Amino acid sequence: MVKATVKDMDMKGKRVLVRVDFNVPLDGNRNITDDTRIRAALPTIKYILDQGSKIILMSHLGRPKGQRKEEFNLDPVAKRLRELLKQPVLKLNDCIGEDVEAKIASMKDGDIILLENLRFHKEEETNDDEFAKALASLADIYVNDAFGTSHRAHASTSGVTKFLPGVAGFLLKKEIEVMGKALSAPERPFIAILGGAKVKDKVGVISNLIDKVDSLIIGGGMAYTFLKAKGFEIGESIVDSEKVSLAGDLMEKAENKGIKFLLPVDVIVADKFAEDAVVKIVGVSEIPRTWQALDIGPETRERFAQEIKKAKTIVWNGPMGVFEMKPFAEGTRKIAEALADSGAVTIVGGGDSAAAVLEMGFAGRMTHISTGGGASLEFLEGKVLPGIEGLKDI
Ligand code: AMP
């Protein structure tokens with residue numbers, strides 16, 4: 001599946017509707033606390049502008065749930081965008097309707113308009129055809145550069161492609177290329193490291209990757225469901241009881257395929273889920289009944305790091321422990337460091353592992369940090385994302 005990109009279209013003099021992800025964090029005074037997502041969209045925006053086009057940008061922000069709520073308007077985004085682009089950006093008060101159409105009709109080549117929050121209309125998330133058609137009627141070409149929402153079949157990511165020729169922006173292109181290559185033709189050894197708490201979000205990824213990887217490493221809260229399936233007593237550690245038997249099946253499948261399946265051999269246990277808990281290092285067969293394991297132990301870190309050293313392609317999704325609390329952050333830090341030092345193609349899924357890598361200062365040493373948590377998981381599950389499916393093939 002090779003999708004056309006902005007470079008495959010003649011955009012001169014055209015109106016180009018670009019779905020971006022400007023869902024930025026704001027403080028209580030509506031100041032943007034992290035503008036990474038706006039900066040990340042600049043290469044696509046600048047490229048389209050250089051073609052002599054008119055750009056119409058659209059995004060969601062927060063969860064207004066289909067209603068106009070001013071605390072979710074895109075005014076702070078427009079302000080930041082003007083500063084970054086050093087040019088005027090006309091921010092409209094809606095994303096469809098007569099006033100929007102009139103403003104777009106009077107655009108000149110090189111102008112930029114930012115539409116109001118798409119999610120002020122419930123039809124965005126229900127992927128309503130009429131709403132998608134109204135958005136599409138504003139332009140000649142559609143560009144999707146919002147990977148993080150591409151796993152959702154919304155009007156602005158999926159519906160709109162029924163009515164306009166659609167292509168990928170540079171951000172989306174990189175996501176598809178890097179993760180697509182890892183899945184279809186990885187340099188070997190190829191290993192996947194999965195962590196985090198929600199087993200049910202990641203079993204699909206494990207199932208898909210079992211057919212592709214050479215080794216699977218499981219850490220974080222997920223590991224205890226697998227350890228339980230192996231018969232270990234895991235005390236009060238987090239477990240998904242409904243997935244214990246599936247975890248056992250997955251390990252059996254890995255074994256039958258000759259895939260290495262690494263689980264923690266030692267852990268950091270705590271007497272409560274708190275920063276000031278009493279902690280100790282124990283082997284996985286010695287987890288006290290009323291304690292919980294909140295990080296991988298030093299022997300496990302070392303074993304995981306040794307496996308990482310051998311790899312040529314690494315996909316990582318989910319922290320190795322409760323990295324938000326200092327006493328349980330070391331396992332995640334050590335894995336991030338091992339990836340950074342590996343010299344392999346390193347792909348970090350969005351969400352918490354991306355946040356950890358950024359916070360711990362390793363971001364610049366990764367090949368690719370995905371901009372989408374849920375979207376990258378679904379991509380790695382082998383699903384065709386609705387926001388990618390409708391784009392033109394080449
Ligand atoms: P997920 O959304 O599934 O990627 O889970 C991320 C969350 O998992 C983070 O907030 C971590 O604090 C949490 N987590 C990681 N390891 C553990 C653990 N051993 N016990 C409980 N929570 C964990």
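**Ground rules**

I number residues from 1 along each chain as its sequence is written, and side-chain values use heavy atoms, with hydrogens and water left out. Because the model is predicted, local features need pLDDT of at least 70 and side-chain atom pairs count only at pLDDT 80 or more, while totals for chains, interfaces and linings use all residues.

**Entry 1: domains**

I looked up the division of the protein first. There is domain 1 (6-173) and domain 2 (186-380). The bounds come from an automatic or database domain assignment. I read 36 Å between the C-alpha centres of domain 1 and domain 2. Their contact (heavy atoms within 4.5 Å) takes 5 residues from domain 1 and 8 residues from domain 2.

**Entry 2: the largest pocket**

I noted the terms before the values. On a 1 Å grid over the protein atoms alone, a pocket is an open set of points where a 1.4 Å probe fits, with protein on both sides within 12 Å along at least five of seven lines. Lining residues have an atom within 4 Å of a point. Grid points are joined across faces, edges and corners, and a volume is the space filled by probe spheres set on the points.

The largest pocket holds about 730 Å³ of space. I find 27 residues lining it, with T36, L358, I369, S370 and T371 closest to the centre. Which elements supply at least two residues each to this lining? They are helix 1 (36-50), helix 6 (170-184), helix 12 (352-359) and strand 15 (368-369). Helix 12 gives the most, 4 residues. Helices (H or I, at least four residues) and strands (E, at least two) are DSSP runs, numbered from the N terminus.

By class I get 11 nonpolar, 9 polar and 7 charged residues in the lining of the largest pocket. Here Ala, Val, Leu, Ile, Met, Phe, Trp, Tyr, Cys and Pro count as nonpolar, Asp, Glu, Lys and Arg as charged, and the others, Gly among them, as polar. Why does this pocket lie between domain 1 and domain 2? Because both domains give residues to its lining.

**Entry 3: the second largest pocket**

I read a volume of about 610 Å³ for the second largest pocket. Its lining has 34 residues, and G196, A197, K198, K202 and D352 lie nearest the centre. Helix 7 (199-209), strand 12 (292-296), helix 12 and helix 13 (373-380) give two or more residues each. The classes are 11 nonpolar, 14 polar and 9 charged.

I checked burial next (buried is under 20% relative accessible area, exposed over 50%, partly exposed in between, with a 1.4 Å probe and protein chains only). In helix 5 (129-136), F131, A132, L135 and A136 are buried. They cover an arc of only 140 degrees around the axis, so they sit on the same side of helix 5. The arc is that of the directions from the helix axis to the C-beta atoms. These buried residues pack against strand 1 (15-19), strand 2 (54-58) and helix 4 (122-125).

In helix 2 (75-85), I list P76, V77, A78, R80, L81, L84 and L85 as buried. Helix 1, strand 2, strand 3 (90-91) and strand 4 (112-114) are among what covers them.

**Entry 4: backbone angles**

Most residues other than glycine have a negative phi, and most peptide bonds are trans. I looked for exceptions. K86 follows helix 2 and has a positive phi near 55 degrees. K86 is exposed at 74% relative accessibility. K65, in the loop between strand 2 and helix 2, also has a positive phi near 55 degrees. K65 is exposed too, at 65%.

R188 and P189 are joined by a cis peptide bond, with omega about 0 degrees. P189 sits in the loop between helix 6 and strand 7 (190-194).

Is M9 buried or exposed? M9 is buried, with a relative accessible area of 17%. I place M9 in the segment before strand 1. Leaving aside neighbours within four places in sequence, M9 is in contact with I141, P165, V167 and K392.

D34 lies in the loop between strand 1 and helix 1 and is partly exposed at 34%. Not counting residues up to four places away in sequence, D34 touches V24 and P25.
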